[in-house]
Amino acid sequence: MTALAALLPGIPLEPLVARMAATALVVMLVSWAAGRFGPLIGGALAGLPMTLGPGFFFLIAEAPAGFVSQAAAYALLSLCATQLFLLAYIATARAGRPWLSLVAAILAWLLFASLLRLLPAQPFLGIALFALVTLFCWRLSRRFTQPVEPGKGGGGVGLLLVRGLLAGLLVAAVTTASAWLGSAGSGLLLAFPIGYTVVSVTLHQTLGTARAIATLRSALLGTVSLAGFCLVMALAVLQWSAAVAFAAALAASAAITLGLLAFGHSRPRTG
């Protein structure tokens, strides 16, 4: 604790640790569930707002509505870069080297996020661009799919803990430094695919290339629930109280995820 306080001078330690712990718990629970139910369901569950949710929960307690709305709009733009992150990993996964695929995916996110932050923070522009990017990535990723062998599992408690702590640290740092980062920096970083960075490598190493590709391709659709969360948050926080807007954004995200799960359960399995 003393060492952490020395590294973060001027920042209250107790709220920082509470944010890390709360976010880590959410991420670990969702990650465990995603690792148990196969690519289609796992990808949909991976799109739940396990980092964005805690991030905006803490942000709305400290920032004005206009700031939160702009941050949510920039997070929506950041999700476009997340789709390209997933596509880059999928496209390079067959080389069989998870860390090289991860580097390619992160570079893709950094490149496109830096370009997208130049756009205005307009929710409807963001959702239109997200829809186009998602359609492009979904269609292009089809050529990289492979037959998936039966089986399930996750990366173990240790990897879940690493993923949870990384997400917790990201949320704690961004929400604590939101005034310095501004709405653009806060929104873009809160939507950084920290969960996907760990789950992609974990699945690739433990369950093989085909299953990793299938899960990440499903996550392209799962990310739609994050876009729904950001869109509702950006619009609702200007009209309603912060608590009501946050609840509405969570409800929208959950409804989209349930719809994706129902769609995935009803569609025929094609491998």
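Mentor: Ser101 lies in helix H6, residues 98–116; helices here are DSSP runs (H or I, at least four residues) numbered from the N terminus. The model is predicted, so local features need pLDDT of at least 70 and side-chain atom pairs count only at pLDDT 80 or more, while totals for chains, interfaces and linings use all residues. Residues are numbered from 1 along each chain as its sequence is written, and side-chain values use heavy atoms, with hydrogens and water left out.

Ser101 has a relative accessible area of 1% and is therefore buried (under 20% relative accessible area, with a 1.4 Å probe and protein chains only). Leaving aside neighbours within four places in sequence, Ser101 is in contact with Tyr89, Thr92, Ala93 and His204 (contact means heavy atoms within 4.5 Å).

Tyr89 and Thr92 are among the H5 residues that touch H6, and Ser101 is one of those on the H6 side. The axes of H5 and H6 come within 8 Å and cross at roughly 155° (axes are lines fitted to C-alpha atoms over the stretch in contact, and angles run from 0 to 180 degrees between N-to-C directions). That makes the two helices, H5 and H6, roughly antiparallel, a term for angles over 145 degrees. By class, the residues of this contact of H5 with H6 are 17 nonpolar, 4 polar and no charged (Ala, Val, Leu, Ile, Met, Phe, Trp, Tyr, Cys and Pro count as nonpolar, Asp, Glu, Lys and Arg as charged, and the others, Gly among them, as polar).

Definitions and conventions: Buried < 20%, exposed > 50% of the residue type's maximum accessible area, 1.4 Å probe, protein only. Parallel < 35°, antiparallel > 145°, perpendicular 65-115°, else oblique.
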